[in-house]
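Me: Please take me through the terms used to describe this model, and set each against its criterion.

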Amino acid sequence: MDRSIESRVNHEVENWLRWITRWRPATHRGRARLCRQCFGSPLIASAGLAVDVPHAVQHALSMRMKIVIDASVDEYTERNLPLLAHELNLSERRESAQAYRPAEGLEPEFRGLDLDPQPAADAPYLFTFSELADRQPPETQPTPLTSPDVAEQGLQPELPAPAPFEPLPPLSPEEKAALKAEMHLADEFATQVGLRVCAQLAHQKPRLLAAIAEFVEPQVQALLADLESTLDSPLWPRNP
C-alpha cells in the first residue's frame, strides 16, 4: 500500500466526499466561540472552504487532515526520536488510566468539538462530559472478595483498581536539552507535512468545491428561504 502523504490525503478526501452526501444542517446547537482548529486554518484555505461554508463541513475535512499529519509525525517520532517517543508513550499510558474518556473513539467530524453545549442560565447541568473526562480514578485498592461467604452467595469478585503511577524522576539538563532538540525536529517535520497536505488539497480543490455546490449549497439556500419566509419586518405592511 502506498503510504505517502499525498495518497493519505487523497484517501481522506474520498472519505470526506462520501460523508458530504449524508450531511444535513444542524438546527439544535450553536457555537459560542470560534473553532481554533478551523478558523484561519491554512488547510481550509487551501481546500477553498474558508468562505461561505458551514463550520461542520469545514471541521470534518480539517480533522481528517489532522489525522494524516498526526499519523505521519507519530511514525517519524517512533523511527527517529527515541527520547520524545518514550515521553509520549509514558504520557499516553497515564492518560489511559483515566476512568472515562468521552473524546476518544469519535468519528473525525466530531473530534475537536466541545464535549458539552453551552449551558443555559436557567438550566444548569447535573454533570458534564468535561467533568467526567477530568475525573481521576480512585487510588484506593478494593478489598478482594475471597471469603467463603462470597463464593456461597455467587458474587463476582471485584477487579483490583490499577495501581497509581509512581512519580517520574526529574530529567537531567542533558536529557532536557536532547528532548527539546527532538521536539524541535518533530515541529519542523509537522510543518513540512502540513505544507504537503496543503499542496495536495489545492490539487483536490475543484472536487471539493463541486461537492459543496452539489450537496451543501442547496441545503443552505433552503434554510435561508425558510428563514426569510418566517421573518417579519416592522416596515412591512401588516394584513388587516
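Reply: Residues are numbered from 1 along each chain as its sequence is written, and side-chain values use heavy atoms, with hydrogens and water left out.

Me: What is the mean pLDDT of the chain, and where is confidence lowest and highest?

Reply: pLDDT is the predictor's confidence in each residue, on a scale from 0 to 100. The chain has a mean pLDDT of 80, and 70% of its residues reach 70 or more. Confidence is highest in helix H2 (residues 42-47), at a mean of 96, and lowest in helix H6 (residues 148-153), at 47. Over residues 139-152 pLDDT stays under 50, and the model has 16 contacts beyond four places in sequence for that stretch. Where pLDDT is low, the predicted coordinates should not be read in detail.

Me: Which elements make up the secondary structure of the chain?

Reply: Helices are DSSP runs of H or I with at least four residues, strands are runs of E with at least two, and both are numbered from the N terminus. The chain comes to seven helices and zero strands. Its elements from the N terminus on therefore read α-α-α-α-α-α-α.

Me: Why is H3 called roughly antiparallel to H7?

Reply: Axes are lines fitted to C-alpha atoms, for helices over the stretch in contact, and angles between N-to-C directions run from 0 to 180 degrees. Angles under 35 degrees count as roughly parallel, over 145 as roughly antiparallel, 65 to 115 as roughly perpendicular and the rest as oblique. The axes of H3 (residues 55-80) and H7 (residues 173-230) come within 10 Å and cross at roughly 150°. That angle is over 145, so H3 is roughly antiparallel to H7.

Me: Which residues of H3 and H7 make the contact, and how do they divide by class?

Reply: Contact means heavy atoms within 4.5 Å. On the H3 side the residues include Val57, Leu61, Met65 and Tyr76, and on the H7 side they include Phe189, Gly194, Leu208 and Val216. Ala, Val, Leu, Ile, Met, Phe, Trp, Tyr, Cys and Pro count as nonpolar, Asp, Glu, Lys and Arg as charged, and the others, Gly among them, as polar. The contact of H3 with H7 has 17 nonpolar, two polar and no charged residues.

Me: What makes H1 roughly parallel to H7?

Reply: Helix H1 (residues 5-20) and H7 pack with axes 10 Å apart at an angle of about 20°. An angle under 35 degrees counts as roughly parallel, so H1 is described in that way relative to H7. Among the residues in this contact are Asn10, Val13 and Trp16 of H1, with Arg196, Gln204 and Phe215 of H7. By class, the contact has 14 nonpolar, three polar and four charged residues.

Me: How do you know that H1 is roughly antiparallel to H3?

Reply: H1 and H3 pack at an angle of about 155°, with their axes 10 Å apart. Since that angle is over 145, H1 is roughly antiparallel to H3. The contact includes Arg8, Trp16 and Trp19 of H1, and Ala56, Arg64 and Glu75 of H3. Its residues divide into 13 nonpolar, two polar and four charged.

Me: Why is Gln204 called buried?

Reply: Buried means under 20% relative accessible area, exposed over 50%, and partly exposed in between (1.4 Å probe, protein chains only). Gln204, in helix H7, has a relative accessible area of 9%, which is under 20%, so Gln204 is buried. Leaving aside neighbours within four places in sequence, Gln204 is in contact with Asn10 and Val13. Across the chain, buried residues make up 27% of the 240 residues.

Me: What makes Ala56 and His55 partly exposed?

Reply: Ala56 lies in helix H3, and its relative accessible area of 38% falls between 20% and 50%, so Ala56 is partly exposed. Not counting residues up to four places away in sequence, Ala56 touches Trp19 and Trp23. His55 is also found in helix H3, and at 23% relative accessibility His55 counts as partly exposed. The C-alpha atoms of His55 and Cys35 are 8.4 Å apart in space, with the two residues 20 apart in sequence.
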